[in-house]
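Please read it alongside the sequence and the structure.

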Amino acid sequence: MRISRTYCRPSPFERAAERFNGEPGQVPNVSLASKTVKRVTPRLLLFCFVLFFFTISPVGALDTSRLISQYGHTAWRIEDGVFAGAPNAITQTTDGYLWIGTQTGLMRFDGVRFVSWEPPKGSELPSSRINSLLGARDGSLWIGTSAGLARWRNGNLTNYSDAAGSIMAMLEDRTGTIWIARANLSDTKGPLCKVTDTGVRCYGRDDGLALPFAVTLANDTLGNVWLAGAAMVSRWQTNSADNYVSAGLSPAETFNGVLALADRPDGSVWVGLVHAGKGGGLQQLAHGEWKPFVTPEFDGSTLEVTALLVDRDLSLWVGTLNQGIYRIQGNKVEHYRGSDGLSGDAVSGLFQDREGNIWIVTSRGIDDFHDLRVASFSTRQGLSADQVNSVLASRDGTVWIGNYNLDVLRLGKITSLQSGNGLPGRELTSLLEDRAGRLWVGVDQELSVYERGKFRKIPTRDGSSLGTIRAMTEDVDGSIWAETNSDENRSRLVHIQDLRIREEISSPQLPLANTLAADPHGGVWLGLASGGLARYRDGKMEFFSLNRSPHDGPVHGLLANSDGSVLAATASGLFGWQNGRVQSLTVRNGLPCNVIYALIFDRKDTLWLYAACGLIAIPNAELQRWWKSSDTTLKTFR
């Protein structure tokens, strides 16, 4: 049997699954279905699970519909002892290794460990301070130091004595030529150089380049090489140069000038200036004209830009001097900084690896942003509260989130219905969509129906409150069943038809139910807080044991299938009931862990389990094999 697993918060290079079976202290019930989702714990984690079905994206590429805060994020910081010196640059070679250049040397990262790199005996780099790195297509690693250029390939280190000075940036053009930008020159050869078969050929003032030094490079779609330093940007075209100076800067500016360039698909370039204000910040240079990047809600000239990257999805990532990073997609601008979890606010480098991950180099460490198969939502993304009590995915694609308001996620935007502004209460406990498309809302001690923008309360026969709505389900005849619990800890099972209560089942002996599921043959199943199942049909309540020890916890989730079978999620695994026969699916069968909070079938009849160890997917064919033989062992999981 194959089991697929995913997590809300995996590490980017995780190679072994975490396993644990701990029983949480208090776990309210969860029922995951396309129509109904009830109380949950962990609350925010369950919301991640629900969104999984709508936000799945290809492995190895960033999903541009996600916010930065919704990506997986890992930070390695200097204070944690990872780096001996502040990192300056990052790249990846064709063998998959990531290389990090720091102020004190070169490090290699294999996805698990950072290892200091030492040159072969008898060789050394021009300097231990690494300013720039480039992984070339031929597998070589180019190393730009504060005192010259080196290449590491096939175990051999080559130093280029004719490329003295600080190597500030490098790129490989479409033909495979390596270009370098130099500063702190001790010669008059010029700031732009290319590597040839015989050494290094540099270009300077005699070739039309007016820059005294260069700190950044870009290669446009026409094959031109762009370079910049101080207040000037130059475009190198084979053997000639065009020079441009921002109107907001004096040509004599040295320390407030251009630090970053990035090419655009139309042949123009993004220009990042560390000087903020008119003519500075983030600019666009096209056809010799400077244009600031401004939207109705954002002014790029206010930024102090230190790094730029156009990723494979054409999003622009902007690193700043002390404000972290920005991402720009069209006119949409996002901001992420140290207070959000970035290793530092001073950014010196940006890089996208072969898998599509985005790496940020800061003065205090490096960060990796990678795609996840599960999108999480919190107040950072627009929810009115982080505590989520209930979640419902309706048929039209809207996601309803119950907390202390009723939040609505539709087409990527979150709005909110609030108490005092239409919402008839404060704390939402349960949600359900019926087959007519109406939304049933358990809020405070009442039950209401939301339709056409208005809430309608379901009245009790005596005018008293119903109590906390713990669970709801819709019967085969379209009637609604609701499990309630009063302040006196009195439980009731309520049957509603035509928006009126037609039947109430209540007695001191009626056990509290965590979850409900409509029986396809009529009536309703109850997953009991005390353990076991109950079925109410035709005025009769029946009880069924799951044959567990008295110390095992309650039933968290419940599914009633068309063949009369029932699946129950518990802290001791998944239990199945069919025609009076009970069987279990646990770690003995190969489940990664036993604690199951909720379960749901998708449109392909794959069974999804929300478990303490993550999300587990079981194909229907494998599930049927387990139904036939309860001793079936799960052969693989991933």
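The model is predicted. Of the 638 residues in the protein, 56% are buried.

**Overall fold**
- The protein contains two helices and 56 strands.
- Contacts between residues at least 24 apart in sequence account for 50% of the contacts in the protein between residues at least 6 apart.

**The site at Ser-491**
- Ser-491 belongs to strand S43, which covers residues 491–497.
- The relative accessibility of Ser-491 is 4%, and buried means under 20%, so Ser-491 counts as buried.
- A polar atom of the Ser-491 side chain lies 3.1 Å from the backbone oxygen of Leu-510.
- Leaving aside residues up to four places away in sequence, Ser-491 touches Glu-483, Thr-484, Asn-485, Ile-505, Ser-506, Leu-510, Pro-511 and Leu-512.

**The sheet S12-S13-S14-S15**
- An open sheet is formed by four strands in the order S12-S13-S14-S15, with antiparallel pairing.
- Its edge strands, each pairing on one side only, are S12 (166–172) and S15 (199–203).
- On average, neighbouring strands of this sheet are turned by 30 degrees against each other, direction ignored.
- Strand S12 runs antiparallel to strand S13 (residues 178–183), and six bridges join the two.
- Glu-172 stands opposite Ile-178, a residue in S13.

How values were computed. Residues are numbered from 1 along each chain as its sequence is written. This is a predicted model: local features need pLDDT of at least 70, side-chain atom pairs count only at pLDDT 80 or more; totals for chains, interfaces and linings use all residues. Side-chain values use heavy atoms; hydrogens and water are left out. Buried means under 20% relative accessible area, exposed over 50%, partly exposed in between (1.4 Å probe, protein chains only). Contact means heavy atoms within 4.5 Å. A polar contact is a pair of N or O atoms within 3.5 Å; within protein, one must be able to donate a hydrogen and the other to accept it, and residues adjacent in sequence count only if both atoms are side-chain atoms. Two strands pair if DSSP finds at least two bridges between them. Axes are lines fitted to C-alpha atoms, for helices over the stretch in contact, and angles run from 0 to 180 degrees between N-to-C directions.
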